[in-house]
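Let's walk through this structure together, one piece at a time. Have the sequence and the 3D view open as you read.

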Amino acid sequence: MRLAFVLGEIGSGLRRNLSMVVSVILVTFVSLTFVGAAGLLQLQIGQMKGYWYDRVQVAVYLCTDNDTSASCASGAVTDEQRAAIEADLRADRYVESVEYEDQETALTHFREQFANSPIVDSITAGMLPESFRVSLVDPEKYEVINEAFSSKPGVESVSDQRELFEKMFTYLNLASVAALSIAGVMLVCAILLIATTIRLSAFSRRRETGIMRLVGASKAVIQLPFVLEGVIAAVIGAVLASAALWSTAHFFIGALARQYPTTAFISSEQVLYLTPLLLVLGALLAGVSSLLTLRRYLKV
Amino acid sequence: MMITFDNVTKLYDRKSRPALNSVSLDVDRGEFVFLVGASGSGKSTFIRLIMKEEHATRGTVYVAGANVARIPSWRVPRLRRGIGVVFQDFRLLPNKTVFANVAFAMQVIGRSRAVIRDSVPEVLRTVGLEGKDSRLPHELSGGEQQRVAIARAIVNKPGILLADEPTGNLDPTTSLGIMKVLDRINQNGTTVVMATHDDDIVNAMRKRVVELRSGKIIRDEQEGIYLGEPAPDREPGNGRLESGVSE
């Protein structure tokens, strides 16, 4: 009975304040979309880093059978060559640690990173080079390792993984910050708008709440309809934001992935990881701001 | 004792004179008390203190044995469930029917649908509104609207009924009808405190009269009459005073 009553109150409150409720929905929708966009950029950075990025700095790729580069003219790396390279790496004073990645492991990591890319099915373990993943005592000393190892027999190439991505990550991080700043401003708007809506709603229902107080309704029964009104509007906004992010990711990233098959992209399913976050954020936002407003404008 | 005021003073702000000034009063269970006095004499403050709508600046208010000042805010609703209130302006919800207005008071404290279906028609009969449950407030006369307000105030069976100028907006005949309803409720065991400056009613009812002037009790009589200033020698039932004359 109490639940049915509270639901009825929420329904009439939403109807009575329809235009304000719609504006709350829209503002939370836009602000949470920006929050979500920042989240997506971070997910994308994570995706591009792949398995090794945060663990090592330098990759020493070894020759494979069908390697066409000049340094691999003598064919695939031999066991002796591999052992010699590893021994040299371990002996080097600039090297902190060395990990070996065989072709099967390379394929596993590749599949993880490119799970959303069409090229994943056409790659086999034989096509991927074995490698030593090296972390340096001082990451700036990449050149030393490059000079020492790139000409060794059996080494296809030495590459600095960081240099490759650092610039792009800088841009992506900048974009995240920009999205978050816009989101911040919009969230302030959303909070103020929710506060105003709740205030109006409390004012337009002051007769009801006055009578509720007189006959001894509990604080929860009086305030809950207002709080839930705000929360419902904000949650609808969050759902819209999730839908917008999902469709953006679906169409936009889908097109990008076709155009740049060698870049790892997030999938539109990963957007759904953000949905609970946005829902909780929206609900929390509305709940807290309406409770604070009610403390001021609704005497209980 | 149902209501006890022990040396209660209420100051709304420091500069002006107190709304109530060292008021001490006992109201017994089942009593009917008229609280008379001019506007601004402290009648409404008295009622608001019982409801814990205001806090006494000094002194103590007891309702049904409990010190009102000691009731924590989350228990205040329970205090108010034991008190029904009626106002001069009825305070009905204009878009709800008579039945829904009365049922509202039960819904918001979580009474079940079955209990509401049983209690509302019964209480509407008590106040003399049988057959009008589906009317809207604007379709009713003032007297009928006040009956709805009374029904709403007593539907949760409070031990105390507070009425703040319940007949202030009604003509004398209608007022008498309302008084009959209040008297019937009082006969059923509910303590009634009614603030008024309607001398005809006070004189006709012959109940206990407590007169306030400038926040002080200046008179407390069993079976009292209304003594309007400046006519202290006025006979009971000797015609109707214009409202507000008594200051």
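How far apart do the C-alpha centres of domain 1 of chain A and domain 2 of chain A lie? In this predicted model, the two centres are separated by 46 Å. The domain assignment gives domain 1 as residues 1-53 plus 166-298 of chain A, and domain 2 as residues 56-161. Domain 1 is therefore written as two stretches of sequence, with domain 2 listed between them.

Follow the boundary between these domains next. Here 11 residues of domain 1 of chain A are in contact with 13 residues of domain 2 of chain A. On the domain 1 side, these residues divide into eight nonpolar and three polar, with no charged residue among them.

Now step back to view chain A as a whole. Its C-alpha trace spans about 90 × 40 × 30 Å along the principal axes. The radius of gyration of chain A is 29 Å, whereas a compact globule of 300 residues would have one near 19 Å. Buried residues make up 35% of the 300 residues in chain A. If you look at contacts in chain A with a separation of 6 or more, 84% of them are between residues 24 or more positions apart.

The UniProt record, an unreviewed entry, lists residues 181-298 of chain A as "domain: ABC3 transporter permease C-terminal". In the model, that span is 88% helix and 0% strand, and its end C-alpha atoms lie 33 Å apart.

With chain A in mind, turn to the place where it touches chain B. There, 15 residues of chain A are in contact with 18 residues of chain B. On the chain A side, the elements that give two or more residues are α1 (2-16), α7 (206-214) and α8 (219-259). Of these, α7(A) gives the most, with six residues. The residues on this side of chain A divide into eight nonpolar, three polar and four charged.

Are the residues of β3(B) buried or exposed? Five of the five are buried, so this strand is largely enclosed by the rest of the structure. B:Phe32, B:Phe34 and B:Val36 point one way from β3(B), while B:Val33 and B:Leu35 point the other way.

The pairing of β3(B) can be followed through B:Phe34. Five bridges join β3(B) to β8 (residues 191-196) of chain B, and these strands run parallel; in β8(B), the bridge partner of B:Phe34 is B:Met194. β3(B) also pairs in the parallel sense with β9 (residues 208-213) of chain B, over four bridges. In β9(B), the residue opposite B:Phe34 is B:Val209.

Finally, look for another piece of strand pairing in chain B. An open sheet of four strands has the order β2-β1-β4-β5, with antiparallel pairing. β2 (20-27) and β5 (66-67) of chain B stand at the edges and each has a single partner strand, so one side of each is left without a neighbour in the sheet. Five bridges join β1 (residues 3-10) of chain B to β4 (residues 58-63) of chain B, which run antiparallel. To find your place in this pairing, look for B:Ile3, which stands opposite B:Val63 in β4(B).

Key:
Residues numbered from 1 in each chain as written. Chains lettered and ligands numbered in written order. Predicted model: local features only at pLDDT ≥ 70, side-chain atom pairs only at ≥ 80, totals over all residues. Contact = placed C-beta atoms within 7 Å. Nonpolar A, V, L, I, M, F, W, Y, C, P; charged D, E, K, R; others polar. Buried ≥ 20, exposed ≤ 12 C-beta atoms within 10 Å, placed from the backbone. Pairing = 2+ DSSP bridges. Rg over C-alpha atoms; globule rule 2.2 N^0.38 Å. UniProt positions renumbered as here; feature names shortened; annotations may be inferred.
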